[in-house]
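Dear colleague,

Below I am passing on the structure that we discussed, and after it you will find my notes on what was found. Please read them with the structure open beside you.

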Amino acid sequence: MKLKRVTVKKNERGLLLRNGDFERVLQPGTHWLFDGFDALRVETFALEQPAFAHGLADYLLAKEPEVVEAEFVRVELGETQVGLRSENGVLVELLPPGARRLYWKGLVDVAVEVIDIAETAEVPAPVVARLIQTQLRPRAVTGLAGVLQVQVPQSGAGVLSVDGKAERVLASGSYAFWKFNRNVSVELVDLRLQAVEVTGQEILTRDKVGLRLNLSATFRYTDVLAAFTALNKPAEHLYRELQFALRAAVGTRTLDELLENKTVIDEVVTAHVRAKLEAYGLALDSAGLKDIVLPGEMKTILAQVVEAGKAAEANVIRRREETAATRSLLNTAKVMEDNPTALRLKELETLERVAERIDKISVFGGLDQVLNGLVKLR
């Protein structure tokens, strides 16, 4: 049998184990231990790290209450409790429900604030402020995975769902919710006017002409809670309703009817979708057809139709002008028939036109021969 010398520093505690079993806690100082037939072992723990993560923790909690009371800060949480652990007044850890922990006393001031989360999932406002402030500190807070932190923007709202049920709408601001013992989620919703595009819709008209259409619409939320209570994805529901309305507007009309009145699609789609959305907290602001894409062969046929129509219009105009010209000539002839002076003026006008086209004129018989012999009207 011999003596064994063990030194425990001032910032340490020692755990004396005899044959692997706990015997006592060694305080700072020098200890002389009898090392006989029993195997002695001393484990030292730095008090700068107050958490006592050891296999004997459960034993000490159950069988050594005096030792625990003297040396440790004891934490035992229920199934509906969480703990906010602070070291020297600074939040360092979020303890989950059911946690059983021991922390050394003596060097670091460890305090645990217990909060009951059975009644509500929402974290109290003062605690929310402490959780947000921790993001600016050099030491990260452990256990924050158990808290859902949400920042709702000024132009939006948040739909709080607990265990799959939409409970209430969150206004703009900062929120936090306990994720322990429940499934919590928040979906952010933009309350401003939003746009939805319905593109590449291939639809047959009533006369079996295939069209490709692109539609644009704008909408807003009028009752966010009603929308997310009745519908899983309100925006997707709106997209489907726009598709159905577009098919109803195009499929019941011929191509000629659609081309003659292009706004009929906008009117039918708007009326159909507004009636469908009223009960779901959504309001359709506007819906308009962006473009209609015709098949290649149909484009050629329509181009030919337009060309033929324009040619017919040009022919009608040409015939109208010819008729007017003929009527004018007839009226002129009647005037000249009853008025010799007018006839003679017409002759002189004709002579002037002829003279404009001739560079040189040789006159025989005098001016009278030019006026009477060159121009003869019967």
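**A salt bridge across the chain**

R206 is partly exposed, with a relative accessible area of 47%, where buried means under 20% relative accessible area, exposed over 50%, and partly exposed in between (1.4 Å probe, protein chains only). Its side chain meets that of E257 in a salt bridge, at 3.6 Å from N to O; a salt bridge here is a side-chain nitrogen of Lys or Arg within 4 Å of a carboxyl oxygen of Asp or Glu. This pair links distant parts of the chain, since E257 lies in helix 6 and R206 in the loop between strand 16 and strand 17, 51 residues apart. E257 is also partly exposed, at a relative accessible area of 32%.

Please keep in mind that this is a predicted model, in which local features need pLDDT of at least 70 and side-chain atom pairs count only at pLDDT 80 or more, while totals for chains, interfaces and linings use all residues. Residues are numbered from 1 along each chain as its sequence is written, and side-chain values use heavy atoms, with hydrogens and water left out.

**The protein as a whole**

The secondary structure comes to 10 helices and 18 strands, which are DSSP runs numbered from the N terminus (helices H or I, at least four residues; strands E, at least two). Of the 378 residues, 34% count as buried. Contact means heavy atoms within 4.5 Å, and of the contacts with a separation of 6 or more, 65% are between residues 24 or more positions apart.

**The sheet and its helices**

Three strands form an open sheet in the order 16-17-18, with antiparallel pairing; two strands pair if DSSP finds at least two bridges between them. Strand 16 and strand 18 stand at the edges with a single partner strand each, so one side of each is left without a neighbour in the sheet. Neighbouring strands of this sheet are turned by 20° against each other on average, direction ignored, with axes being lines fitted to C-alpha atoms (for helices over the stretch in contact) and angles running from 0 to 180 degrees between N-to-C directions. Strand 16 and strand 17 pair over nine bridges, and within this pairing the bridge partner of V196 is A217 in strand 17.

Helix 5 packs on the sheet, touching strand 16, strand 17 and strand 18, and its direction makes about 40° with that of strand 16. Helix 7 packs on the sheet as well, touching strand 17 and strand 18, with its direction at about 150° to that of strand 18. In helix 5, the buried residues include H237, L238, E241, L242 and A245, and the buried residues of this helix also pack against helix 4, helix 6 and helix 7.

**A hairpin, and other salt bridges**

Strand 12 (residues 156-162) and strand 13 (residues 165-170) pair in the antiparallel sense over five bridges, one of which joins V159 to V169. The two strands form a hairpin with two residues between them, and D163 in the turn has a positive phi of about 55°.

The count of salt bridges comes to 15. Among them, E93 meets R101 at 3.1 Å, N to O; E93 counts as buried at 13% relative accessibility, whereas R101 is partly exposed at 30%. D190 forms another with R192, the closest N and O atoms being 3.0 Å apart, and D58, R74, E76 and R100 are linked in a network of salt bridges.
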